[in-house]
Amino acid sequence: MDVSNIQDPRSQGIMSSISKNAQVEVIVVPFLCMQSHLNQLLQLSCLISSYNIPVHYATTATHLCQVQLRFNSQTYLQNPNIHFHEFPTPPFLSPPPNPNSSSKFPSHLLPSFEAFIQLRDPVADLLREISNTATRVVVIHDFNMAYVVQDVATIPNAESYVFSPVSAFFMLLQDHESF
């Protein structure tokens, strides 16, 4: 058998025809209140875009500015496959933390969590816009943003995946404590 004529599936000719036929676009929706959540999903966006898959990173203008300033590799941010979508930051109260609270939960952050629920409509509009031109739309969202991306279920060529920013070790400890 002559193997000299067999093309490597990773060769440019085959990959370019595959990418033209299977047009996938990714929308990334990070949790807005934590820099670690924003940064991890931006790193994932850079990785996905390195495979010539268009990635739409959707967040508020304030948080986009923060993540871009703190990101460890500015060259990846120049990638033409990463598209940043800035939404206006919804207004919310910002009460000071209560150090004497009986609960360890940072309840002073609740107003900001509730404000970000207002991002559902802008994210749904972006999803509909991209789904009109793409064959397949994949939404990757932080588990805290499930409400915001719930309209994925109404788009036939879209699917969503939850990104969990916590480590496997943390998850193991959580499971261990529940026993």
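**Arg120 and its surroundings**

Let me begin with Arg120, which counts as partly exposed at a relative accessibility of 24%, and please keep in mind throughout that what we have above is a predicted model. The side chain of Arg120 meets that of Asp151 in a salt bridge, with 2.9 Å from N to O. This pair links distant parts of the chain, since Arg120 belongs to helix α5 while Asp151 sits in the loop between β4 and β5, 31 residues apart. Asp151 itself is buried, because its relative accessible area is 12% and the cut-off for that class is under 20%. Arg120 also lies over the face of Tyr147, 5.5 Å from the centre of the ring.

Now let me step back to the whole chain. The protein has six helices and five strands, and, read from the N terminus, the elements follow the order α-β-α-β-α-β-α-α-β-β-α. Of its 179 residues, 35% are buried, and the accessible surface comes to about 11300 Å², with 58% of that belonging to carbon and sulfur atoms. Among contacts with a separation of 6 or more, 68% are between residues 24 or more positions apart.

How many salt bridges does a search of the whole structure find? The search gives three, and the Arg120 to Asp151 pair is one of them. In another, the side chains of Asp125 and Arg128 meet at 2.9 Å, N to O; both residues lie in helix α5, three residues apart, which is about one turn of the helix. Asp125 is partly exposed at 45% relative accessibility, and Arg128 is also partly exposed, at 39%. There is also a salt bridge between Glu159 and Arg136, whose closest N and O atoms are 2.9 Å apart. That pair again links distant parts of the chain, with Glu159 in strand β5 and Arg136 in strand β4, 23 residues apart. Glu159 is partly exposed, with a relative accessible area of 24%, and for Arg136 the value is 36%, which also counts as partly exposed.

Strand β4, residues 136-142, is also the place of His141. With a relative accessible area of 3%, His141 is buried, and, leaving aside residues up to four places away in sequence, its contacts are Val29, Ala146, Val149, Ser160, Tyr161, Val162 and Phe163.

In the loop between α5 and β4 we find Thr133, which counts as exposed because its relative accessibility is 58%, where the cut-off is over 50%. Its C-alpha atom is separated by 8.8 Å from that of Gln23, although the two residues are 110 apart along the chain. Thr133 touches both Gln23 and Glu25, again not counting residues up to four places away in sequence.

Turning to the aromatic rings, the structure holds one aromatic pair. Tyr57 and Phe84 form this pair, with 5.9 Å from centre to centre and 70 degrees between the planes, so that the arrangement is edge-to-face, planes over 60 degrees apart being counted that way. The partners are 27 residues apart, Tyr57 in strand β2 and Phe84 in strand β3. Tyr57 is buried at 0% relative accessibility, whereas Phe84 is partly exposed, with a relative accessible area of 25%.

Finally, the surface: Val166, Phe170 and Met171 make a nonpolar patch of about 240 Å². Val166 is found in the loop between β5 and α6, and it is partly exposed, at a relative accessible area of 33%.

Key: Residues numbered from 1 in each chain as written. Predicted model: local features only at pLDDT ≥ 70, side-chain atom pairs only at ≥ 80, totals over all residues. Heavy atoms only, no water. Patch = residues over 30% accessible without salt bridge, like charges linked within 9 Å, V, L, I, M, F, W, Y side chains within 5 Å. Areas by Shrake-Rupley, 256 points an atom, 1.4 Å probe, with all protein chains shown as cover. Salt bridge = Lys/Arg side-chain N within 4 Å of Asp/Glu carboxyl O. Helix = DSSP H or I, 4+ residues; strand = E, 2+ residues; numbered from the N terminus. Buried < 20%, exposed > 50% of the residue type's maximum accessible area, 1.4 Å probe, protein only. Phe/Tyr/Trp six-rings, centres within 6.5 Å; stacked < 30°, edge-to-face > 60°. Lys NZ or Arg CZ within 6 Å of the ring centre and 35° of its normal. Contact = heavy atoms within 4.5 Å.
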